Amino acid sequence: MQHCTDPSTRSRPGRVGLMGGTFDPIHYGHLAAAEAVRQGFDLDTVVFIPAALPPHKQASQVTDASHRYIMTILATLSNEFFKVSPIELERRGSSYTIDTVRELRAVYGDETQLFFITGIDAILEICSWRDSGTLLTLCEFIAVTRPGYVTAGLNKLREALGESLFSRIHVFSVPALAISSSELRERVRKGKSIKYLVPEQVEGYILKNRLYLATDKKAEC
Ligand code: NAP
């Protein structure tokens with residue numbers, strides 16, 4: 001499988017976004033967020049990294065990683081700045097972000113600025129992530145959220161991390177993030193349309209492979 005993180009074509013150190021998520025399924029909110037962050041933070045590229053198994057989830061709670069990986073590729077094809085990496089799929093076990101960032105730091109070198117992009121709800125829990133202190137020194141974080149989201153949790157996080165590490169986290173608001181994967185799964189299960197909420201190819205893939213038709217175990221946990 002091609003590792004779409006080859007930095008050999010770069011002529012300068014660069015700024016790289018690492019878009020981490022379960023992408024179950026990927027939707028226009030994720031894509032709009034990645035594009036807005038790319039422009040807002042002047043990133044050269046955004047690498048989507050579907051988690052094989054997010055550390056706080058059980059395998060039975062997430063759709064097979066190969067489906068989520070293929071949908072991510074389909075969704076990102078039309079943007080020349082977007083890439084998809086199988087790095088977490090190729091590693092066995094839980095997808096710890098520290099392992100991913102360490103591997104990619106070695107690939108890109110110390111000169112490249114890495115930004116790990118994901119939803120604010122996930123980042124608010126970062127103190128419970130493996131080696132979070134080291135992680136925050138290896139890359140900066142961009143916590144994407146929808147406008148009007150109450151960010152009271154950020155004050156607690158500032159206290160827990162201290163000012164220096166907390167300053168490595170940037171909050172970025174994206175209107176399209178009103179869409180959520182859990183709502184999309186629910187819509188498919190109830191036979192409702194997901195047209196215009198996900199790219200057409202992703203919609204076709206979900207229908208063809210009959211994904212999300214069974215009761216959503218994720219919502220029950
Ligand atoms: P999650 O708990 O499924 O999602 C939390 C919230 O963030 C949801 O509202 C989700 O919306 C949103 N979200 C997730 N990824 C997003 C993205 N890339 N852009 C915009 N919104 C996003 O989170 P998760 O997907 O399992 O985890 C997020 C990332 O953090 C993954 O890369 C995961 O591996 C990493 N993580 C690492 C550790 C660790 O290293 N110990 C622990 C936890 C998470 P949608 O459902 O619509 O996406």
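In this predicted model, the strand β4 gives the most to the shell around the ligand, contributing 4 residues. Altogether 27 residues surround the ligand, and the closest of them are T22, H27, H30, K57 and S181. If the shell is sorted by class, it has 12 nonpolar and 12 polar residues, together with 3 charged ones.

Where does the ligand sit? Its place is the largest pocket, which has a volume of about 1,400 Å³. This pocket is lined by 48 residues, and those that lie nearest its centre are T22, H56, K57, T118 and A122. The elements that give two or more residues to this lining are β1 (15-21), α3 (97-108), β4 (113-119), α4 (120-123), β5 (140-145), α8 (181-189) and α10 (217-220). By class, the lining of the largest pocket is made up of 21 nonpolar, 16 polar and 11 charged residues.

We can now turn to individual atoms of the ligand and the protein atoms beside them. In the case of K57, a polar side-chain atom lies 2.5 Å from an oxygen atom of the ligand. With T97 the backbone is involved, for one of its N or O atoms lies 2.9 Å from an oxygen atom of the ligand. For T118 the side chain is involved, with an N or O atom that is 3.1 Å from a nitrogen atom of the ligand. Taken alone, the ligand exposes 870 Å², and the protein buries 87% of that area.

The last stop is the loop between β1 and α1 (28-40), where P25 is found and where F23 also lies. Which form does the peptide bond from D24 to P25 take, cis or trans? This bond is cis, with omega near 5 degrees. In F23, a residue other than glycine, phi has a positive value, near 50 degrees.

Definitions and conventions: Residues are numbered from 1 along each chain as its sequence is written. This is a predicted model: local features need pLDDT of at least 70, side-chain atom pairs count only at pLDDT 80 or more; totals for chains, interfaces and linings use all residues. Side-chain values use heavy atoms; hydrogens and water are left out. On a 1 Å grid over the protein atoms alone, a cavity is a set of points where a 1.4 Å probe fits but cannot get out, and a pocket is an open set with protein on both sides within 12 Å along at least five of seven lines; lining residues have an atom within 4 Å of a point. Grid points are joined across faces, edges and corners, and a volume is the space filled by probe spheres set on the points. Ala, Val, Leu, Ile, Met, Phe, Trp, Tyr, Cys and Pro count as nonpolar, Asp, Glu, Lys and Arg as charged, and the others, Gly among them, as polar. A residue is near a molecule or strand if one of its heavy atoms lies within 4 Å of it. A polar contact is a pair of N or O atoms within 3.5 Å; within protein, one must be able to donate a hydrogen and the other to accept it, and residues adjacent in sequence count only if both atoms are side-chain atoms. Accessible areas come from the Shrake-Rupley method with a 1.4 Å probe; for residues, only the protein chains shown count as cover. A molecule sits in a cavity or pocket if more than half of its atoms lie within 2 Å of its grid points.
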